[in-house]
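This briefing covers the fold of a single structure, from the order of its elements to one pair of residues. The sequence and the coordinates come before the points.

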2 protein chains.
Amino acid sequence: MASPPGPFTLVALGVVRGGRTEAEDDHWGDVEAEIVLQANAVGPDAATGLEEFSHIDVVYVFDRVSPDRVTRGVRHPRENPDWPEVGILAQRARLRPNRLGVSTCELLGVEGMVLRVRGLDAIDATPVLDVKPHVREFDPRRPVRQPAWISELMRDYW
Amino acid sequence: MASPPGPFTLVALGVVRGGRTEAEDDHWGDVEAEIVLQANAVGPDAATGLEEFSHIDVVYVFDRVSPDRVTRGVRHPRENPDWPEVGILAQRARLRPNRLGVSTCELLGVEGMVLRVRGLDAIDATPVLDVKPHVREFDPRRPVRQPAWISELMRDYW
């Protein structure tokens, strides 16, 4: 087998400002914050036209997770023994290799390099690696099936 | 303003095998491929339990885009003058800073370190930075609004 590609060096295109200062499991739905785009990474017009979209997809780094806590195998989600022990790629936990988060949130407004958002599950000062418009056609084209444990886990998330 | 966080060094957790060998704009829906997880990055049980989900969210690198083609300002999507000139963060084009793609596709099967997928819009040998289960509760909780140009652009995408 060929050697794996990479590593890849990525920069913060933006930083979360405001919202929560500590990671919490639940009740993210009403949290408001900003994403401040970084002039060293993108031009001043990088977000032009974004306000035509109601939602954005945000890729960010769980940078407060210490690398030595990253799990590469299985664990119980939220360390809850009532839920099955599943692989780290079968859950959305933050202590994952590469520590990447992906989340869709509401875009409340755009003022130059500042994006105002609601329901972004990332804390103050989180580095943002990408912002994309949320596009309806990228949603699943067939019915979504998921196990009962994750529906239970997500019950109070928003 | 504080100096921006990062840079961040990320590794490929997997590599796309099969599917298309050249990037094309449209007709991705029926393309089948595999994501081969990399033993240097994740454990052999990293995908345990993933087969309970019908769809996965995949974060990958558009590594065939030459860094000097990356756009930091505005451009016409697909260089089509009929569509408005918008910022790179208001479109999903691959020549974006950090060259990250995020896509939801169907998961057809899991055999150890190999995930069989359909409708992943990434070409053969693409490095994969993360795989997450697609969870219904992460879909937008309110109606999605988007401009007409992107619905037009997406017409033949799948």
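From the N terminus on, chain A of this predicted model runs through its elements as β-β-β-β-β-β-β-β-β-α. That makes nine strands and one helix in chain A. With a radius of gyration of 17 Å, close to the 15 Å that the globule rule gives for 158 residues, chain A is as compact as a globular protein of that length.

**Overall dimensions and packing**
- The C-alpha trace of chain A spans about 45 × 40 × 35 Å along its principal axes.
- Buried residues make up 42% of the 158 residues of chain A.
- Among contacts in chain A with a separation of 6 or more, 73% are between residues 24 or more positions apart.

**The barrel**
- A barrel in chain A is closed by six strands, in the order β2-β3-β8-β7-β4-β9.
- The strands of this barrel pair in an antiparallel manner.
- On average, neighbouring strands of this sheet are turned by 45 degrees against each other, with direction ignored.

**The β7-β8 pair**
- Strand β7 of chain A covers residues 100-111, and strand β8 of chain A covers residues 114-118.
- These two strands, β7 and β8 of chain A, run antiparallel and are joined by five bridges.
- A:Glu106 has its bridge partner in β8(A), namely A:Arg118.
- In the barrel order of chain A, β8 stands between β3 and β7, and β7 stands between β8 and β4.

Definitions and conventions:
Residues numbered from 1 in each chain as written. Chains lettered and ligands numbered in written order. Predicted model: local features only at pLDDT ≥ 70, side-chain atom pairs only at ≥ 80, totals over all residues. Helix = DSSP H or I, 4+ residues; strand = E, 2+ residues; numbered from the N terminus. Rg over C-alpha atoms; globule rule 2.2 N^0.38 Å. Buried ≥ 20, exposed ≤ 12 C-beta atoms within 10 Å, placed from the backbone. Contact = placed C-beta atoms within 7 Å. Pairing = 2+ DSSP bridges. Axes fitted to C-alpha atoms, helices over the stretch in contact; angles between N-to-C directions.
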